[in-house]
Amino acid sequence: MRLDTAAIKRGCRNSEIAEFQQLCGAELDRFRKAATVAGPLIVGCTQQAPLFADEMEGRTAKTEFVNIRETAGWSMEGSQAGPKMAALLAAASESMPAYPLVSLSSEGVILIYGRDDVAIEAGRLLADHLDVTVMITRPGQIVPPATTSFPIVTGTIRNAWGHLGAFELVIDDYAAPRPSSRDALLFESPRNGLTSRCDIILDLSGGTPLFPAHDLRDGYLRADPGDPPAMLRAVLKARDLVGSFDKPRYVNFAPELCVHSRSKLTGCHRCLDLCPTGAITPDGDHVTINSEVCAGCGQCATACPTGAATYALPPADALLHKLRAMLLAYCEAGGGHAVVLFHDGQHGSALIDVLARHGNGLPASVLPLAVNEVTQVGLEAIIAALAYGAAGIRFLLRGKPRHDVTGLFKTIAMADPIISGLGFEGRRVDTIETDDPDVLAGTLWSIEPAPTVAQPATFRTVGKRRELLRLALHELHRLAPSPVDIIALPEGAPLGAISVNVEGCTLCLACVSACPTGALRDDPERPVLKFVEDACVQCGLCQGTCPEKVITLKPQIDFRAARAPAQIIKQEEPALCIRCHKPFGVKSTIEKIAAKLEGRHWMYPAGDSRLDVVRMCADCRVITMSEQQFDPLAGVSQRAAPRTTDDYLRERESKD
């Protein structure tokens, strides 16, 4: 492949660039020498990474290996790929923070769940390695084994929970075999509702998977019993699941920021709707995330409006730093009309490799960026990429995804009106859903070049997704061809305002008490309801709490909101206590109450001074009633007295 060293130097201005032809062969001594120099080292080769690693014994500085061959050089446009190589090298120079780990432990207790002799054969293959139990659901004619080397029982799994090392099952129709079985296994009387625990489940039943997104459940292996190679692969995987295993803690969670619920009213439930594995469950006023079950799709962190859930592999700000380095280096190296291709390491990298080795490779303007899961990419990354100079963004998905990707499509649905509303023409953000490299090639090579921002943004920031999104939106708005102030967003967007029917609002301020972000505010000096749009996350708690039902959500983005003062939605004169003159409520509300009670309630006859207590604060009301020795039942006939619980009970008994 051709190396455009000049373009790479333009894109990586602060780096020393050295070009070689046989660095892993005749020029290996040159690499040994470079490896002794202090400071970070980036090698534009991944194929020979093991060889180079052996030559770096004792080196402590950061070393990265970057594939610029399959992703750039091996292409029909390889001679024009210099700016792309600079971009890929610059992206690799961005350090990614370490991520926490979760430990799973398995002692090798396995339940093989099947329907016929295939499950028993799997048990024989694993009996010398694991603690095996075979459970046959709805057994047919099964020949009893000559020697019982592991238990064979019958049963049907009703429910299943857990993960590798900690599965719990509820089993119906459970029965042990009769030792006297002759030509076919016979079983004792079945029992229902039994609980069983195991470390590993090998599901050869051929039925419905026991878990949602079952491919992502650690310790749960599933194969078609009619496919012997698939069964054997599952058996080999199960055999190795003994011991302690570390997996990333994909999502960090801060419950104090969660806006799921307040006062037993549900507000935000975005993460609960999107989690494909069921790792997220309600827990009082917030949710809880089971890190052992979480498979790392990242959709919860992408959808979380407050930053309570944040992705760790890498964090959102670290991903933006990589995007920034890549796109700015590409632009400085002379590249144009960049299209960022987000892909995962397994599926996407394999397709790109096939294109490079057996096809036309990637276009020189397509910049591949590998992430742990494509669904972890949020709205802030899309907006920031366009502000950094990308002409378009594509997400490479499997033809048949391993889990639901609804969250990604919702993110794109939010991005589309923002991008088009700011004057960017064409389809800037889209998905490519395929397992066929030829389909991928046809789609990428057919992308029409689109104009980019005149001068790419250079902002670099750290923080939660919401702060990143706010800054990226501000920058894109500044650079947009046709900036506008307000853009309507689809339902469920984490940005927006509220609409209040002020005539029906009584200024009870229940919404202020329920608002978890301070978007709704009051004033201790007077009855007033204020709203700060920049703080609103559209959780809906105000709407659910309002007793008059006069609040509706209005998803939108107002680019002026970050600088706007609190908006006064409604204000009224306070009601002053007629005795101590202290404000204690809303004047119009108190007068409405007094008007409804006077002459219409037996306690407040027309013209009676008793009604004055309604216009008093709580303290003065108690004092006045005490001074007047007020008896609410004085002079009231028994027939007009308030009904008690005993009255209602006696009435019910007489009817019965």
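**Close-up views of a predicted model**

**View A.** Ser196 counts as partly exposed, since its relative accessibility is 24%. On this scale, buried means under 20% relative accessible area, exposed means over 50%, and partly exposed lies in between, with a 1.4 Å probe and protein chains only. The model is predicted, so that local features need pLDDT of at least 70 and side-chain atom pairs count only at pLDDT 80 or more, while totals for chains, interfaces and linings use all residues. Residues are numbered from 1 along each chain as its sequence is written, and side-chain values use heavy atoms, with hydrogens and water left out. Ser196 belongs to strand S8, residues 194-198; helices (H or I, at least four residues) and strands (E, at least two) are DSSP runs numbered from the N terminus. Setting aside residues up to four places away in sequence, Ser196 touches Phe167, Glu168, Leu169 and Ile171, where contact means heavy atoms within 4.5 Å. Between the C-alpha atoms of Ser196 and Thr552, which are 356 residues apart along the chain, the separation is 48 Å.

**View B.** The largest nonpolar core has 56 residues, of which Leu323, Leu327, Phe342 and Phe395 touch the most other members. Two or more residues each come from helices H5 (82-92), H10 (316-332), H12 (379-387), H13 (406-421) and H15 (465-479), and from strands S18 (339-344), S19 (366-371) and S20 (392-397). Helix H12 gives the most to this core, with eight residues. A nonpolar core is here a set of buried Ala, Val, Leu, Ile, Met, Phe, Trp, Tyr and Cys residues joined through side-chain atoms within 4.5 Å. In soluble globular proteins, nonpolar side chains tend to be buried together. Leaving aside neighbours within four places in sequence, Phe395 is in contact with Phe342, Val374, Val377, Ile382, Leu408, Ile412, Val429, Asp430, Thr431 and Ile432. A second, separate core of 30 residues includes Val134, Leu185, Phe187 and Ile200.

**View C.** Ser261 is buried, at 4% relative accessibility. This residue lies in strand S13, residues 261-262. A polar atom of the Ser261 side chain is 2.9 Å from the backbone oxygen of Leu265. Beyond residues up to four places away in sequence, Ser261 touches Thr266, Gly267, Gly284, Asp285 and Leu541.

**View D.** Glu55 and Arg32 form a salt bridge, with 2.6 Å between the closest N and O atoms. Glu55 is in the loop between helix H3 (49-54) and strand S2 (63-65), and Arg32 is in helix H2 (residues 28-35), so the pair ties together parts that are 23 residues apart in sequence. A salt bridge is a side-chain nitrogen of Lys or Arg within 4 Å of a carboxyl oxygen of Asp or Glu, and by this rule the count comes to 30 salt bridges. Both partners are partly exposed, Glu55 at 26% relative accessibility and Arg32 at 33%.

**View E.** Asp172 and Arg158 also form a salt bridge, the closest N and O atoms being 2.9 Å apart. The pair links distant parts of the chain, 14 residues apart, with Asp172 in strand S7 and Arg158 in strand S6 (residues 152-161). Asp172 counts as buried at 18% relative accessibility, whereas Arg158 is partly exposed at 45%.

**View F.** The side chains of Asp218 and Lys247 meet in a salt bridge of 3.2 Å, N to O. Asp218 is in the loop between strands S9 (200-204) and S10 (220-222), while Lys247 is in strand S11 (residues 243-248), and the pair links distant parts of the chain that are 29 residues apart. Asp218 is partly exposed, with a relative accessible area of 29%; Lys247, with 9%, is buried. Elsewhere, salt bridges that share partners join Arg69, Glu70, Asp353 and Arg357 into one network.

**View G.** Backbone geometry is shown at several residues. Most residues other than glycine have a negative phi, and most peptide bonds are trans. Leu313 and Pro314 are joined by a cis peptide bond, with omega about 0 degrees. Pro314 is placed in the loop between strand S17 (309-311) and helix H10. Asp173, although not a glycine, has a positive phi of about 55 degrees; this residue lies in strand S7, residues 167-175, and is partly exposed at 39%. His581, also not a glycine, has a positive phi of about 65 degrees. The place of His581 is the loop between strands S28 (574-576) and S29 (583-586), and this residue counts as exposed at 56% relative accessibility.

Technical notes
Polar contact = N/O pair within 3.5 Å; in protein donor to acceptor, adjacent residues only side chain to side chain.
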